[in-house]
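Hello,

Here is the structure I promised to pass on. Please have it open while you read my notes.

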Amino acid sequence: MENMAQRAQISKISAFEGQEVTIKGWLYNKRSSGKLRFLLVRDGSAIIQCVVFRNDVSEQVFADADALTQESSLEVTGTVTADKRSPLGFELQVKDLKIVQLAHDYPITKKEHGTDFLMDHRHLWLRSKRQHAILRIRHQIIHAAREFFDDRDFTLVDSPIFTPNAAEGTTTLFETDYFGSSAYLTQSGQLYAEAGAMAFGKVYCFGPTFRAEKSKTRRHLTEFWMIEPEVAYFDLQDDMQLAEEFVSHLVQSVLKHRMPELLTLERDISKLEQIKAPFPKIHYNEAVDILKKHGSEFIPGDDFGAADETIISEQFDRPVIVHHYPAAIKAFYMKRDPQEPESALAMDMLAPEGYGEIIGGSQREDDYETLLNRIHEHNLPEEAFKWYLDLRKYGSVPHSGFGLGIERTVAWITGIRHVRETIPYPRLMQRLYP
RNA sequence: UCCGGCGUGGCUCAAUCGGCAGAGCGGGUGACUGUUAAUCACUAGGUUGUAGGUUCGAGUCCUACCGCCGGAGCCA
């Protein structure tokens, strides 16, 4: 391949109409008809059909086109032409072709495969259209999340992954050996974010979190990503408003920038278009009334099960925030409402269409003595929380925050059933490879 | 951990009442000048998850084990 045509990215190919370009990529699929070979070439940005006509190329080039197998890497040079038959709108009339490497027996074929097989080949599965669409939307959601907080003058203050103690008990933590003593993988960055809020006013952290729960459902991973804002001088009302504006922004950003991907996934766009703040906000007791009305066997005072969450969320056309949960079922650090001491100033946001809880948040306990008592009541080691208690000793203020699970949010917005496809390499109870 | 389901070529599946293990895709060979999961012809490819049992005969029935899937609990 001696000629030096300009290099083109397929997604930007319209700018090169009529010109000769070189595309470097991989063979996505190949079809043929007589003296024609249709090469579907992908370069990571998009897929373009490259047409090889026997009379236009050397014998060697035509033979190479014939020999190409699925996912072989190649460089192809030709003229960009507009074509109404093409989904992209453009094709490449091939003049020259160079095989970079010939792939043998690519395991993922054009017919359907089972999830377990595909997950065993997750490193290759990422090349498929559907996975591209999902992961590009994930990228958009993460971009929009950072953009949202950055535009509001939040500072990114990340929390550690190794932690000496548990935020809410130790049973669901992954324990690791840390130079002879124990360290746990974090299950929330929140406590550290609180320290950040006392230093910077408005902060967020964004990173992976780990839960050793033996959960086998479509909503659970053992390793997932969470974005957690925390704000000083913020009460529960402020927190709920921030949460609804945040989620609204994520959805609108995906609608604005990732419509082709949503269409690839056959997402019902009308369901997303109505996701605009404000969201409905209901008291825990109102949620209980809804469950009663719909014949649930729910026992007031308990936390909602998956079926209960679905019943509640089905009453609304956008995410619903449930607040004032019984303090008894909530974490030790949540502040109780002085007006109703049995209730925590806590809130959860339930996504529509049965995707479950995507946000959990609260106003935090800011009184030193009260928090110390809670730590004792929950049988947590006081020593490990000394630094956390310091925050209540040196200029304590009301503050609130929440955590949003990225994978559940991606599953909901993309409309895919299971969270395992919303992360490049899902970690599940039975899945640690690749 | 509990409940339910499924293990058959590389992949996705079929095989009637217990009676010759089959198809499509992928691989190989060939045909075709506009294919869209191209199509067509030919071809290779099997210890039916493992171990035992019932039977003249087991992919099919029974027992145990292993693996996976779905759901529950817990949570984001």
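Predicted model: local features only at pLDDT ≥ 70, side-chain atom pairs only at ≥ 80, totals over all residues.

Residues are numbered from 1 along each chain as its sequence is written, chains are lettered from A and ligands numbered from 1 in the order in which they are written, and side-chain values use heavy atoms, with hydrogens and water left out.

The sheet comes first. An open, mixed sheet is built from 8 strands in the order β7-β11-β12-β19-β18-β17-β14-β13 (strands are DSSP runs of E, at least two residues, and helices are runs of H or I, at least four, numbered from the N terminus; two strands pair if DSSP finds at least two bridges between them). The edges are β7 (155-156) and β13 (281-283); each has a single partner strand, so one side of each is left without a neighbour in the sheet. Helix α6 (residues 236-257) packs on this sheet, touching β12 (223-232), β13, β14 (320-323), β17, β18 and β19 (399-405), and its direction makes about 30° with that of β19. Contact here means heavy atoms within 4.5 Å; axes are lines fitted to C-alpha atoms, for helices over the stretch in contact, with angles from 0 to 180 degrees between N-to-C directions. Another helix, α9 (residues 284-293), lies across β13 and β14 at about 85° to β13.

Within the sheet, β17 (residues 346-351) and β18 (residues 356-363) are antiparallel over 6 bridges, and Met349 has Ile359 in β18 as its bridge partner. Ala351 also belongs to β17. Ala351 is buried, because its relative accessible area is 0% (buried means under 20%, exposed over 50%, partly exposed in between, with a 1.4 Å probe and protein chains only). Leaving out residues up to four places away in sequence, Ala351 touches Ser313, Gly356, Ile358 and Trp412.

Trp412 leads on to helix α13 (residues 406-414), where 8 of the 9 residues are buried, Trp412 among them.

For contrast, where is Phe179? Phe179 sits in the loop between β9 (175-178) and β10 (181-185), and counts as exposed because its relative accessibility is 77%.

Enjoy exploring!
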